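The following exercises are to be worked through with the sequence and the coordinates at hand. Each task is followed by a solution in steps.

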Amino acid sequence: MSAPTPRLLLNSGVRIPQIGFGTFQIPPSATAEAVSRALEIGYRHIDTAAGYYNEAGVGEAIRSSGLDRDALFVTTKLRNADQGRESARRALASSLEELGLDRVDLYLIHWPVPARDLYLETWEALIELRDEGLASSIGVANFLPEHLDRIVEATGVIPAVDQVEAHPLFHRPALRERCVELGIAIEAYSPLGQGRDLAEPTVAGIAEAHGVSPAEVVLAWHVARGHVAIPKTVNAERMALNLRAASLHLGAAELGALDALHSQEGRVGGDPATFAFPQTLEDMKARGESLED
């Protein structure tokens with residue numbers, strides 16, 4: 001098993017492992033095996049979502065691991081279709097049933113979906129769910145500064161985390177600055193830019209200089225910048241290398257060179273200002289997506 005992963009103290013007083021295991025686009029039928037392998041290798045932070053339709057597999061792996069619940073950090077997220085006060089409450093109950101847990105460590109609003117204008121009401125519901133002990137920490141995903149400012153001004157409750165697309169080629173300096181001001185941790189999904197960052201000459205050169213993989217360089221950059229990162233792979237060797245990245249120390253010049261790669265053209269995911277897919281099975285089918293692809 002790998003050495004313990006460093007943990008970041010959230011504004012909720014909870015510590016989150018800085019490198020976790022992401023389950024986005026892992027088919028439900030393969031999730032239990034992949035998460036079980038990740039736990040064996042040493043991951044203690046597992047990230048899933050109702051919209052991934054693989055929470056049951058995550059729960060199966062947790063139960064079969066024999067690990068103490070308090071040793072694990074489990075995150076799930078609210079589907080866009082479930083935004084709203086009462087629907088959010090029902091959605092978390094459903095997620096907990098799928099996971100086989102009585103609480104999650106972190107519950108997130110998956111997207112703001114500003115066109116529906118329900119994210120403030122939904123945030124108020126998450127505050128209630130946290131206060132009832134159903135989520136140790138609450139946060140958001142894909143929220144831009146204007147979305148963050150609105151919920152904080154209205155409720156006085158600051159999200160523990162904003163999970164957003166972040167990697168050297170696209171790391172949102174303005175959003176990061178606002179999160180730092182508010183005390184919100186950045187959690188990076190697609191932390192390797194879905195592989196695009198790994199082919200970048202700057203990344204490759206730093207990897208060669210240290211005798212490590214490009215993925216380790218990018219993940220070490222995330223850790224150095226205070227991000228939480230949740231890379232996804234079903235390959236056991238890459239799982240281990242990704243987790244090992246926390247022990248790689250990059251110099252100030254190397255970190256600066258990676259920072260300088262940012263470009264608006266580097267985005268690989270959806271735009272939070274316009275993304276509005278409901279994340280239902282019917283929606284996925286209409287868009288030609290399959291859970292088992």
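Is H167 buried or exposed? The model is a predicted one, in which local features need pLDDT of at least 70 and side-chain atom pairs count only at pLDDT 80 or more, whereas totals for chains, interfaces and linings use all residues. Residues are numbered from 1 along each chain as its sequence is written, and side-chain values use heavy atoms, with hydrogens and water left out.

**Exercise 1. Classify H167 and describe its surroundings.**

Step 1. Apply the cut-offs: buried means under 20% relative accessible area, exposed over 50%, and partly exposed in between, with a 1.4 Å probe and protein chains only. H167 has a relative accessibility of 0% and is therefore buried.

Step 2. Locate the residue. H167 lies in the loop between β8 (161-165) and α6 (173-182); helices (H or I, at least four residues) and strands (E, at least two) are DSSP runs, numbered from the N terminus.

Step 3. List the contacts, meaning heavy atoms within 4.5 Å. Residues up to four places away in sequence not being counted, H167 touches S190, P191, L192, G193, D197, W221, H222, G266 and V268.

**Exercise 2. Examine the positive phi values of S190 and N142.**

Step 1. S190, one of the residues touched by H167, is not a glycine, yet its phi is positive, near 45 degrees. S190 belongs to the loop between β9 (185-189) and α7 (201-210), and its relative accessible area of 16% makes it buried.

Step 2. N142, likewise not a glycine, has a positive phi of about 65 degrees. The loop between β7 (135-141) and α5 (145-155) holds N142, which is buried at a relative accessible area of 2%.

**Exercise 3. Describe how α4 packs against α3 and α5.**

Step 1. Recall that two packed helices are described by the angle between their axes and the distance between the axes. Axes are lines fitted to C-alpha atoms, for helices over the stretch in contact, and angles run from 0 to 180 degrees between N-to-C directions.

Step 2. For α3 (residues 85-99) and α4 (residues 119-131), the angle is about 45 degrees and the axes are 8 Å apart. The pair is therefore oblique, given that angles under 35 degrees count as roughly parallel, over 145 as roughly antiparallel, 65 to 115 as roughly perpendicular and the rest as oblique. In this contact, α3 contributes R85, A88, R89 and L92, while α4 contributes E121, T122, E124, A125, E128 and L129.

Step 3. For α4 and α5, the angle is about 55 degrees, with 10 Å between the axes. These helices are therefore oblique as well. Y119, L120, W123, E124 and I127 of α4 meet E146, H147, R150, I151, A154 and T155 of α5.

**Exercise 4. Which residues have the most contacts inside the largest nonpolar core?**

Step 1. Define the core as a set of buried Ala, Val, Leu, Ile, Met, Phe, Trp, Tyr and Cys residues joined through side-chain atoms within 4.5 Å.

Step 2. The largest such core has 70 residues, and F21, Y107, W123 and L250 have the most contacts inside it. A separate second core, of nine residues, includes F73, L108, V161 and V228.

Step 3. Beyond its neighbours within four places in sequence, Y107 contacts several residues, among them A88, L92 and L129. A88 and L92 of α3 and L129 of α4 also take part in the contact between these two helices.
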